[in-house]
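Colleague: Please take a close look at one part of this model, the packing of its helices and the charged pairs that go with them. I would also like to know how far the prediction can be read.

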Amino acid sequence: NNEAQQAKDETINLSQKQVKRESKFPYFVDAVVLEAEKLLKEKGMAPADLYRAGLHIYTTLDVPVQEKMESVYADASNFPRSSGDVPVESAMAVLDPTSGEIRGILGGREHTVERGLNRATQGKRQPGSSIKPVAVYAPALEQGYAPATVVDDVPVTYRGSGSTAYSPGNYDGRYRGLITMREAVKYSVNIVAVKVLEQIGVDSGYNFATKLGLSLVPDDKGLSLALGGLTNGVSPLEMASAYAAFPRNGVYTHPYLYTVVTDSNGKVILSNGDYDVAFDDNKQATITGQASSKTILSERTTFYMNSMLQNVVTSGTGTSARLSGMTAAGKT
């Protein structure tokens, strides 16, 4: 009784130190959980069923890919030094263009808060010139333009309503005169991108970009779209999924983090397409099927676009992205 009374009278001192929950691949897991909860709610189920109903989620995670990403991000020497106390941030999304499956997600350099900001899926930023293939050159190729199409790279001013005017400039301050679209992509020439968007129509560029998954808003319908001047911006995942249509002959698949979610009995309750699951005698699952997809661009367009984007990496502004023993295409 004395010991019980002493324990009862003892003052409880709570530690102010926050306990960080350690889990493998937290950014990927957070993204999966948020997506599954949203879809369960749409199905009329409680999001809490994800934790208490014995559900099984079959993700698209590629463990070696995710581990490599995390090892790169853990090395501070891979990032520039910041000018203040807040470190330079970054995010990364890796997906398989043949299927649309997300193989790896990193929403920042450190995962400090569960369900915190995931910059890879939620971070909206200005894409700059990386939007040119999606919103300018791909739709131009669809309209009959070609890599050899010539555009005059000279200063230009567009008059708007009232006294407003838009005068785009090239990042290097140079003007090259008559150059091909291939050269314009290779050297990221802003004047040509804006002129081509004006020629094909802003609506055409806007519509193609939205069909390829970019979350644009009506206020983005302007010539500044050609240079990535957006109202809200886009996420790294949106950009990765848009570019994935190029090596896939113009086929677009909305990126996804899991193939199926099953109940405790193995019945599929959520599927990202026509996926199904079968179990062997050892209860090992085999997933079959494919995700829903749609063809946005012609094979002619993607052939030319891939060729131009390879030039960017081999001898243009993106030579730092060259890969040994592998063909690479991209845009700065």
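**Helix packing and charged pairs**

Modeller: The average pLDDT over the chain is 91, and 94% of the residues reach at least 70. The model is predicted, and one stretch needs a caution: residues 14-21 have a pLDDT below 50. That stretch makes three contacts in the model beyond its near neighbours in sequence. Where pLDDT is low, the predicted coordinates should not be read in detail.

Start with helix 5, residues 132-142, and its partner helix 8, residues 202-211. Their axes are 8 Å apart and meet at an angle of about 105°. Since angles of 65 to 115 degrees count as roughly perpendicular, helix 5 is roughly perpendicular to helix 8. On the helix 5 side, the contact is made by Val-134, Ala-135, Pro-139 and Glu-142. Helix 8 contributes Ser-204, Gly-205, Phe-208 and Ala-209.

Thr-301 is found in helix 10, which spans residues 299-315. Apart from its neighbours within four places in sequence, Thr-301 is in contact with Ala-138, Leu-141 and Glu-142. Is Thr-301 buried or exposed? Its relative accessible area is 0%, so Thr-301 is buried.

Helix 9 has links to both of these helices. Its buried residues pack against strand 2 (92-95), strand 3, helix 5, strand 8 and helix 10. The residues in question are Leu-237, Glu-238, Met-239, Ser-241, Ala-242 and Tyr-243. Because six of the eight residues of helix 9 are buried, the helix is largely enclosed by the rest of the structure. The phi of Asn-249 is near 60°, which is positive although the residue is not glycine. Asn-249 is partly exposed, at 40% relative accessibility.

Now the charged pairs. The structure holds 10 salt bridges, including the following. Glu-67 pairs with Lys-24, with 3.8 Å between the closest N and O atoms. This pair joins distant parts of the chain, as the two residues are 43 residues apart. Glu-67 sits in helix 4 (residues 63-73), whereas Lys-24 belongs to the loop between helix 1 (2-9) and helix 2 (26-42). Glu-67 counts as partly exposed because its relative accessibility is 39%, while Lys-24, at 57%, is exposed.

Helix 2 itself carries a local pair. Lys-38 forms a salt bridge with Glu-35, and the closest N and O atoms are 3.6 Å apart. Both residues are in helix 2 and three residues apart, so about one helical turn separates Lys-38 from Glu-35. An α-helix has 3.6 residues a turn, so residues three or four places apart point the same way. In this pair, Lys-38 is partly exposed at 44% relative accessibility, and Glu-35 is partly exposed at 26%.

Glu-37 forms a salt bridge with Arg-115, the closest N and O atoms being 3.1 Å apart. Glu-37 is in helix 2 and Arg-115 is in the loop between strand 3 (102-106) and helix 5, 78 residues away, so this pair also links distant parts of the chain. Arg-115 is partly exposed, at 33%. The backbone of Arg-115 deserves a look too: its phi is near 65°, a positive value in a residue other than glycine.

Finally, there is a joined set of charges: Asp-96, Glu-101 and Arg-103 are linked in a network of salt bridges.

Note on methods: Residues are numbered from 1 along each chain as its sequence is written. This is a predicted model: local features need pLDDT of at least 70, side-chain atom pairs count only at pLDDT 80 or more; totals for chains, interfaces and linings use all residues. Side-chain values use heavy atoms; hydrogens and water are left out. Axes are lines fitted to C-alpha atoms, for helices over the stretch in contact, and angles run from 0 to 180 degrees between N-to-C directions. Helices (H or I, at least four residues) and strands (E, at least two) are DSSP runs, numbered from the N terminus. Angles under 35 degrees count as roughly parallel, over 145 as roughly antiparallel, 65 to 115 as roughly perpendicular and the rest as oblique. Contact means heavy atoms within 4.5 Å. A salt bridge is a side-chain nitrogen of Lys or Arg within 4 Å of a carboxyl oxygen of Asp or Glu. Buried means under 20% relative accessible area, exposed over 50%, partly exposed in between (1.4 Å probe, protein chains only). pLDDT is the predictor's confidence in each residue, from 0 to 100.
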